[in-house]
Amino acid sequence: MSAPKKLFIKTYGCQMNVYDSERMAEALGGQGYEETKSADDADMILMNTCHIREKAAEKVYSELGRFKKLKAKNPDLKIGVAGCVAQAEGEEIMRRQPIVDLVVGPQSYHRLPEMESKAREGKKVLDTDFPEEDKFEKLKSRPKAKRGPAAFLTVQEGCDKFCAFCVVPYTRGAEVSRPADRILREAQDLVERGVREITLLGQNVNAYHGAGATGDVTLAQLIWELNKVDGLERIRFTTSHPNDMQDDLIEALGSCAKLMPYLHLPVQAGSDKILKRMNRSHTAESYLRLIERIREARPDILISGDFIVGFPEETEEDFQATLDLVEEVRYGTAYSFKYSTRPGTPAAERPLVDPAEADERLQRLQALLTRQQREIQDSMVGREVGVLLEKPGRFDGQMVGKSDYLHAVHVADCDRPVGDLARVRIVSSGTNSLGGVLI
Ligand code: 5AD
Ligand code: SF4
């Protein structure tokens, strides 16, 4: 047998891309590829790209510029672009950067092995279709390779919400849920390979409505099924939309033992005028009432969010409404972005806020969010939490893992192995992590 060819994958953007990159590596494993951590000795480089904000795509082009030198040294090197930039500007990539051999959109990853063969024959290949066949079935992993204790599992893909700023409905396509039995089988397989925590992924994960034995299954029903899987200790899900937060999911957050007390629930803005223009179809008030109901079900839940500042025509007063909403919610973590125009989206036609003004608002929002995040993190000191141990820390005897609330925790004098769900008392709070000791 010939030596394995080396595959270097660079992943940008969201967790779904991380999941997709794993599937692509497995699919190309069948073509004799093994993953490498360095681009320098690769036989194939795949960039799994993100198109959600402007700079993401620009980074891809500048990185491709650097790979040009590698290709000059090794003409057999094949270079591919996958992900949402591939979907959005496939042909443009081929034109702008002739070193690219293949371009593959997120719905065509199962066709990668075939595409790789064509690229090896010296052809340029581009596939940005939305094919009918079941990508996930065809991307099934080679069983039993051992893996780390925390894994992602895509249950739903695409989005039908069409927020006015967002490219996802165009790059990932219409909302599709995978059948429940396939997800349960994949979860079982992950657990057999050492996984203890599964994060269910979807652009609109709580809109999940996959086929079950007796009709469609909600996300909560799927979670209750996963709760029965022996050896699986923790379940998470992301990203949710406020309008799809059904009662049974809120109840599950309160009562399902393995479901973790963490919810990423983006609101984007606090002004009803802006929310309307964003086509979010919820108000600040309805979001706040929703948070209230979720906290009634699970009082200790940590809420996380996404925000966009400087959306077209956002005034200082609108922005103030965002700050007010943040004050009221108290976020445990949050991601905030300056609005960036995405060509082809409805908001792209509207007048921009002065960029300096938008920068200044972003700083003010981030200062508030950082303060809240730190306060909530500090309030963990003295509490007992579960920590799933993921790897050894920098110091002797130290292990690092994630708490139930997704805080990184450094556990001192820890004699437990990776994959253990330890009970830990939090004793300190640093800039980005907590310190703890075994109970
Ligand atoms: N500009 C800025 N931020 C955006 N997001 C999505 N599209 C844009 C855009 N055009 C943010 C939203 C979303 C997160 C994944 O990225 O906050 O929830
Ligand atoms: Fe984009 Fe809105 Fe869909 Fe989220 S809900 S993926 S922001 S269109």
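## Briefing: strand pairing, ligand shells and local backbone features

Strand E17 (residues 384–392) and strand E20 (residues 421–429) run antiparallel and are joined by five bridges. The model is predicted. An open sheet of three strands, in the order E14-E15-E16, is paired in parallel. Two ligands are considered below: the shell around ligand 1 includes Asp306 and Ser340, and the shell around ligand 2 includes Cys159 and His241.

- E17 and E18 form a hairpin in which six residues lie between the two strands. Gly397, in the turn, has a positive phi of about 80°.
- Beyond E18, the loop between E18 and strand E19 (408–412) contains Leu406. Leu406 is not a glycine, yet has a positive phi of about 75°.
- Leu406 has a relative accessible area of 32%, and therefore counts as partly exposed.

- Three bridges pair E14 with E15 in the parallel sense, and His264 stands opposite Ser304 of E15.
- Ser304 also takes part in a polar contact between side chains, with Thr333 as the other residue, at 3.2 Å.
- Thr333 belongs to strand E16. Its relative accessibility is 17%, which is under the 20% cut-off, so Thr333 counts as buried.
- In a regular strand, side chains alternate between the two faces of the sheet.

**Ligand 1**

- The residues around ligand 1 are Ile52, Arg53, Phe165, Gln268, Asp306, Ile308, Phe337, Lys338, Tyr339, Ser340 and Arg342.
- By class, this shell comprises five nonpolar, two polar and four charged residues.
- An oxygen atom of ligand 1 lies 2.6 Å from a side-chain N or O atom of Asp306.

**Ligand 2**

- Ligand 2 is surrounded by Cys159, Lys161, Phe162, Cys163, Phe165, Cys166, Val168, Pro169, Asn204, His241 and Arg280.
- The shell divides into seven nonpolar, two polar and two charged residues.
- Phe165 is listed around ligand 1 and also around ligand 2.
- Phe162, one of the residues around ligand 2, lies in the loop between strand E8 (156–157) and helix H6 (168–171).
- Although not a glycine, Phe162 has a positive phi of about 50°.
- Phe162 counts as partly exposed because its relative accessibility is 36%.

- Most peptide bonds are trans, and most residues other than glycine have a negative phi.
- The peptide bond from Thr238 to Thr239 is cis, with omega near 0°.
- Thr239 is located in the loop between strand E13 (234–238) and H9.
- Ala257 is located in the loop that runs between helix H9 (247–255) and strand E14 (262–264).
- With a relative accessibility of 69%, over the 50% cut-off, Ala257 counts as exposed.
- The C-alpha atom of Ala257 is separated by 8.4 Å from that of Arg234, a residue 23 positions away along the chain.

Notes:
Residues are numbered from 1 along each chain as its sequence is written. Chains are lettered from A and ligands numbered from 1 in the order in which they are written. This is a predicted model: local features need pLDDT of at least 70, side-chain atom pairs count only at pLDDT 80 or more; totals for chains, interfaces and linings use all residues. Side-chain values use heavy atoms; hydrogens and water are left out. A residue is near a molecule or strand if one of its heavy atoms lies within 4 Å of it. A polar contact is a pair of N or O atoms within 3.5 Å; within protein, one must be able to donate a hydrogen and the other to accept it, and residues adjacent in sequence count only if both atoms are side-chain atoms. Ala, Val, Leu, Ile, Met, Phe, Trp, Tyr, Cys and Pro count as nonpolar, Asp, Glu, Lys and Arg as charged, and the others, Gly among them, as polar. Helices (H or I, at least four residues) and strands (E, at least two) are DSSP runs, numbered from the N terminus. Buried means under 20% relative accessible area, exposed over 50%, partly exposed in between (1.4 Å probe, protein chains only). Two strands pair if DSSP finds at least two bridges between them.
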